[in-house]
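Thanks for coming, everyone. Let me put a structure on the screen and walk you through it.

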Amino acid sequence: FDILIDPRDNNKKYKIVNIDNQIWMAENLNFQTSTGSCCYENRDSNCKIYGRLYNWEAAKTACPPGWKLPTEDEWQTLITRLGGPDVAGGKLKSTEGWNSPNTGATNIYGFSALPGGGGSGGGIDKYYSIGRYAMFWTNTQSEFTKNDSIFIEGFMLDYDKNEIGSIATVRSSFLSVRCIKDDAK
């Protein structure tokens, strides 16, 4: 693995991986923003394993300099390169850290997706599914709206499925972040 050193956070080191000319973090982001991020159940031990959870506003600016929150298209490119949504989930999942059966997990490209779960509510009053689901933000607003709420596209991996699926969630939800190298910089 190559290493990214985040200059903002006491030079915290992240593993990175190059998958067919896309450079991704090979760990969930664990940078504490001033607002909009937390550890699952407010336990530092969960941040050390699974990274932090972010609401969408925090997620958009949480990546280190030269890195960014990926778009839906960038995720779709990755998924296509890994054989499509029916098999890409297993190729992205870590072989450890998931509830059993961790269906299809090979981590063949070193992406090492971990199931950080999620959270909902403005005050992060409900946490759910650590060990079961990895849910990642994109920087893409969904065309789906409900009760005047704007939804954001994301992607989800499941402990008992081989595939990766798209999700649309409200901006106040708390999900994991994987940063991608910003080619524009």
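Some ground rules. This is a predicted model, so local features need pLDDT of at least 70 and side-chain atom pairs count only at pLDDT 80 or more, while totals for chains, interfaces and linings use all residues. Residues are numbered from 1 along each chain as its sequence is written, and side-chain values use heavy atoms, with hydrogens and water left out.

Now the pocket. A pocket here is an open set of points on a 1 Å grid where a 1.4 Å probe fits, with protein on both sides within 12 Å along at least five of seven lines. Its volume is the space filled by probe spheres set on the points. The largest pocket comes to about 210 Å³. Its lining, meaning residues with an atom within 4 Å of a point, has 16 residues. Nearest the centre are E27, N28, K48, I49 and L114. Strand 2 (12-19) and helix 1 (44-50) each give two or more residues to that lining. Helix 1 gives the most, with 4. Helices are DSSP runs of H or I, at least four residues, and strands are runs of E, at least two.

Next, the cores. What is a nonpolar core? It is a set of buried Ala, Val, Leu, Ile, Met, Phe, Trp, Tyr and Cys residues joined through side-chain atoms within 4.5 Å. Buried means under 20% relative accessible area, exposed over 50%, with a 1.4 Å probe and protein chains only. The largest core has 22 residues. L29, W67 and W137 are among those with the most contacts inside it. Strand 2, helix 2 (56-59) and strand 9 (133-146) each give it two or more residues. Apart from it lies another core, of 20 residues, including I19 and W98.

On to helix 3, residues 72-81. Which of its residues are buried? E74, W75, L78 and I79. They sit on the same side of helix 3, because they cover an arc of only 140 degrees around the axis, taken from the directions from the axis to the C-beta atoms. The face turned away carries the exposed residues D73 and T80. After helix 3 comes G83, with a positive phi near 105 degrees.

Last stop: N46, in helix 1. N46 is buried, at 11% relative accessible area. Beyond neighbours within four places in sequence, N46 is in contact (heavy atoms within 4.5 Å) with Y40, E41, G51 and I130.
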